[in-house]
Amino acid sequence: MSEVVLNCGYVPLVDCAPLVIAKELGFAAEQGLALNLLRQPSWSALRDMLALGHLDAAHMLSPMPVAMSIGMGGLPARVDALMVLSVNGTVFGVSNAVASALENVRFGDTTALLSGLSARGAKPLRVGIPFHYSMHRLLLSYWAAQAPDLQIEEVTVPPMRMADAVSDGFVDAFWVGEPWGGVAVQNNVAKLMMAGRDVWQFAPEKVLAARHEWATQNEDSVRRLMRAVYQASAWLDAPGNKPLAVEILGRSEHLSMSPDLIDPALTGHIVPRTGASPVTVDRFLQFHSHAASFPWRSQAAWIAHHLGADAAGIEKAKTCFRADLFRQNLSDIGADMPQSSEKTEGAMMFPTSVASARGEMILSPDAFFDGRTFDFTAAVR
Amino acid sequence: MNADLRILVVEPNPERVRDIVDALREAGWSDVKALLQMSELNQTVREFSPDIVLIDLTNPDRDTLEHISHATETTKRAVALFVDQTDENLTQAALNAGVSAYVVDGLQMDRIKPVLQTAIARFKMMRQFHFELNAAKQALEDRKTIDRAKGILMRQRGMSEDDAYKLLRTTAMRQNRKVIDVAQALVTAADLLS
């Protein structure tokens, strides 16, 4: 098997871990893949580099390929999500000033937090988000829509500047991926109020993206890449591997972050405020278990719907989450996967058993905080 | 030809800003504004309303700029950012994809002019394209309205299609209005009365 060289872009966040592990632990090499990991300064730069063919694949915010496939935002390029890289893993936090009025709100209490923030008065809450086409923004709007009195002003702030943006008073709150929420707490400038999963228990956060055309022309490379990343994800989610994973990621030149910043996201022990003891957040960040890496077409549909797409746009979006490639490329390495490629998003309040390729498998709860469900199987809604 | 072009340079390093602004002026672009502080980006983009924004590819604030462009109608502005290095292919690919360029790596000022010129030409072409697309869409809409107005006249007054159109046209001429305006008024009135 001759070696294939792939350029893969990423933004330094804890959830790019499957790519780093695939490279560092040799899962890529096992597939005959030389994986070049190229750090990108911003999501727009990453998108452009991917669209222009400078990158073969990339760690991407899940709404980005959906937005591009329905003709929104930036370059008109057809980009697919080969698989989901991570589920959940983000936090919402507020500045110390805002937090002082929310003393009685328990971490993860989405509704109490909404009423607390609504009671703040008429001034809009300036919330820092990393990118316009992000799950952060979609979850923020979805959640805040429940409180008509709460005015939100979204401000895009690069994740690594989020802590500074809070301490400068540039934003009152933020929704960001780890470790940047943890950094704000470490700097004693913010209090974390909830995790992304408190709003949606199973939100596809990052995907492994590639140009549609490239994926079609490079079947073999795609196959190797997906297999390597899948195995890395499985390794990452095995509880016994967490300490080692923290160690490897902490040493890796790809992240340049100290292990104590990486640990909370991987273990789900989130410290909400400087000096406080950590809260354990169940399924804070998932890479593999409960079909986390399976690109559900209904997830793409949910994203498209919340980006404002019409029925035709939603159908188009579904095709960019490549459940077909997942089945084609991972079935024979023992990956179990659901038999259906769509589900009613938000319908599972508890771990639920569903039909799978090997019999049955347990899926994670995927409920929304307000109990709504979304069925996109019907062609016309 | 370039005098009407407003260029905003986003760059935290004052020395580089000076070099870039000088290079732009030398190339004939004088309506240039430099921004060192990201916190003022939103306000500056809204007030200065640049035709082109130059920002280094490696600047993480690009995402913020995109958000602002998104909020302020991107099609009106060249989202002209980007690129450095010596990769001519990439620059060309970027230009073809509608992204313009920022070629200041190693302060190769001599390259600013040709690249910006290509970018601007490209931008103008895109703007023209959008304009034509909108015009085509509008023409189609107008046509539909006129057809509806003709239909109303044919039904209500038992006219032939030709006569209906003639009536619309003579009415428009008499009132010194456009046919589409008369047709629109008729359609609106019919909607109200039905």
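**Entry 1. Hairpin**

I note for myself that two strands pair if DSSP finds at least two bridges between them. I also keep in mind that this is a predicted model. With that, I turned to β14 and β15 of chain A. A hairpin joins β14(A) to β15(A), and two residues make the link. I then looked up the pairing. β14 covers residues 352–356 of chain A and β15 covers residues 359–363. They run in the antiparallel sense, over five bridges. I picked out one pair: A355(A) has E360(A) in β15(A) as its bridge partner.

**Entry 2. Domains**

Next I checked how chain A is divided. I found two domains. Domain 1 is made of three stretches, 4–87, 204–258 and 285–338. Domain 2 is the stretch 90–202. Their centres, taken over C-alpha atoms, are 26 Å apart.

I then looked at where they touch.

**Entry 3. Five-strand sheet**

I moved on to an open sheet of five strands in chain A. I read its order as β7-β6-β8-β5-β9, and its pairing is mixed. The edges are β7 (152–156) and β9 (190–195) of chain A. Each has a single partner strand, so one side of each lacks a neighbour in the sheet. Neighbouring strands are turned by 25 degrees against each other on average, direction ignored.

A reminder to myself: strands of a sheet pair through backbone hydrogen bonds, either parallel or antiparallel. I followed one pairing here. β6 (residues 125–129) and β8 (residues 173–177) of chain A pair in the parallel sense, over two bridges. I found V127(A) opposite A173(A) in β8(A).

**Entry 4. Two helices**

Last, I looked up a helix pair in chain A. α1 spans residues 17–24 and α12 spans residues 242–251. Their axes lie 10 Å apart, at an angle of about 85 degrees. Angles of 65 to 115 degrees count as roughly perpendicular. α1(A) and α12(A) are therefore roughly perpendicular to each other.

Which residues meet? From α1(A) I listed A17(A), V20(A), I21(A) and E24(A). From α12(A) I listed A245(A), I248(A) and L249(A). By class, this contact holds six nonpolar residues, no polar and one charged.

How values were computed: Residues numbered from 1 in each chain as written. Chains lettered and ligands numbered in written order. Predicted model: local features only at pLDDT ≥ 70, side-chain atom pairs only at ≥ 80, totals over all residues. Domains from an automatic or database assignment. Helix = DSSP H or I, 4+ residues; strand = E, 2+ residues; numbered from the N terminus. Axes fitted to C-alpha atoms, helices over the stretch in contact; angles between N-to-C directions. Parallel < 35°, antiparallel > 145°, perpendicular 65-115°, else oblique. Contact = placed C-beta atoms within 7 Å. Nonpolar A, V, L, I, M, F, W, Y, C, P; charged D, E, K, R; others polar.
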